[in-house]
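Work through the exercises below with the structure at hand.

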Amino acid sequence: MPTTGAIIDELDIGQRVKNMRRQRGMTQQQLAAALAKSLPWVKAFEAGGVQSDPKISLLKQLATTLSVPLSELVDDKPAAEHAFVETVRSALLAPSPTSDPAGVDVTQQTTYGYAAFHAGRWQDVVRLLPRLIDTARAAEDSTGDPRILSQLADVCHLAAITLTKLGDTLGGWAAGDEALMRARAVGDPIGVALSAQSAVYAVTATGRADIGLGIAERTIDEYGPELSVLAEGGLSALGMVHLKAAYAAAALSQAELATDMIEEARRLAAGVAPDADYRLTDFNLTNVLVYEASILGDLGRYEAAIDAATRIHPAAFAALSRERRTHHLVDTARSAQRAGDPDAALRLLLQAERDDAQNIRSWAPSRAVIAALLAGRRPADDRRLRALAARAGVGG
C-alpha cells in the first residue's frame, strides 16, 4: 500500500489547492490567514516549492479550510460538476442554441431570474439560465438591434453573478466577458457599468484580480464622467464598479486603493436614496458599508471589519436583499472567527441560517467558516456549533 507521501508525489497538490481556492473565491492572503501561514508560504506551496510531501495534518487543515473531504483533496479525479451548472456553461460556450428557445419571454424570465438570485434561490436561476441564454442568442441577428443586445447582456450578467456565487468562477468569467461585450455594442453606459462589475467579480474570483481591477479602472475612466450625470441610475452603476474594484484591489493586497475605491463609492451613494435599489443593485450607503466590512476582512483587518458591520443600522440591513444579508453575515462571521471571537462567529452563522437555511448549509464560504470553528478555538456553546455542522454536513 503506498504511503501518503507516495500518493501526493503523483499529483500536483499545490495546483489542486490553488484551483480549489480560486473556485471558492478565496485569495492567497485569505488562505494564509486561515492556515496561520504567511502569504509567501502559500505562494510557494501552490507553486510546488514547499513540502512536496506534506504532512497529513497539513492536508487535513487544508481540507477543512477549503471545506472539502480529505479524499477529494488527494484524489486525482476532480469532483464532478453539478449537472445544472455544467448545462449553463455549455449554453454559454455553444456556438448555437443547445435547446428549443420557443415560448420564452426573455424580459419576463430575466426579471424573475434576478429576483430569484437576490432572494437567495440560486439553484432556481441556474435551472432557468440555459433556455434563457439560448432564447436571447437566437433572437440576436445581424441587425444589431440594441434592445436584443441589451437583453443578452442582462442574461449574461445574471449568469456571471450566479455561476460565480456557486463557485464556477471560470464560467462566471466567460459570462461576464460576454455581457460586457454586448453592453459595449449597445453603447449604454449604465449597461456597460453593470456588466463590467459582474465581469470584475467573476474574474477576480478565478484568482486574476489584476485583470478584474483593470476592467474596473478602464470602465471608470471611460464611462465615469457620463455616468456621474445620469441621476441615480448612473450613480448606482458607477458605484457598483467602484465596489467591485475595491474587491479586486483587496485581493491584490492593495489596501490603499481598496480604501479609496470604497470612499468614492460612499460619495456616489450619498447621491442616491437611502433605500435605493436601481436594477436590483442594492446600491446605497448601507450596501457600501456591507462591502466595506467584507473588504476589510479580505485585507485581514478583522477588527475594523467587525466595526464596520456594527455601523449598519438594523432596519437598513433588513431592507437589503436576502443574498446581500447572507453574504454579509457569513463574511462578518469569518472576520469574527479570525479575530478570535468564535461566539460572535457562531451567533452570526445561526442568524444567517434562520434567514437562509439552505444556502448557509450548502454555500462553500459559510461551510468554510463552520469548518474553521470546528478546527480552531470553539465557541462556549459547542453543542450548537456541532448541531450546525451536522446540518451543513461539515465534519469535525
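**Exercise 1: a tyrosine pair**

In this predicted model, Y201 counts as buried because its relative accessibility is 13%, under the 20% limit.

Solution. Step three: locate the partners. Y201 belongs to helix α12 (residues 189-205) and Y247 to helix α14; 46 residues separate them, and the pair links distant parts of the chain. Step four: look for a charge at the ring. K244 lies over the face of Y201, 5.6 Å from the ring centre.

**Exercise 2: a ring cluster**

Task: find which residues ring pairs link into a cluster, and classify the pair F117 and W122.

Solution. Step one: the cluster consists of F117, W122 and W363. Step two: the rings of F117 and W122 have centres 6.5 Å apart and planes at 40°, so this pair is tilted. Step three: both F117 and W122 are buried.

**Exercise 3: the nonpolar cores**

Task: describe the largest nonpolar core and one of its members with the most contacts.

Solution. Step one: the largest core has 105 residues, and those with the most contacts inside it are L92, L129, F283, I295 and I370. Step two: helix α14 (residues 231-251) gives the largest share, 12 residues. Step three: leaving aside residues up to four places away in sequence, L129 touches V88, V155, L158, A159 and T162. Step four: a second, separate core has 14 residues, including M26, L58, L59 and L62.

Technical notes
Residues numbered from 1 in each chain as written. Predicted model: local features only at pLDDT ≥ 70, side-chain atom pairs only at ≥ 80, totals over all residues. Heavy atoms only, no water. Core = buried A, V, L, I, M, F, W, Y, C linked by side-chain atoms within 4.5 Å. Buried < 20%, exposed > 50% of the residue type's maximum accessible area, 1.4 Å probe, protein only. Helix = DSSP H or I, 4+ residues; strand = E, 2+ residues; numbered from the N terminus. Contact = heavy atoms within 4.5 Å. Phe/Tyr/Trp six-rings, centres within 6.5 Å; stacked < 30°, edge-to-face > 60°. Lys NZ or Arg CZ within 6 Å of the ring centre and 35° of its normal.
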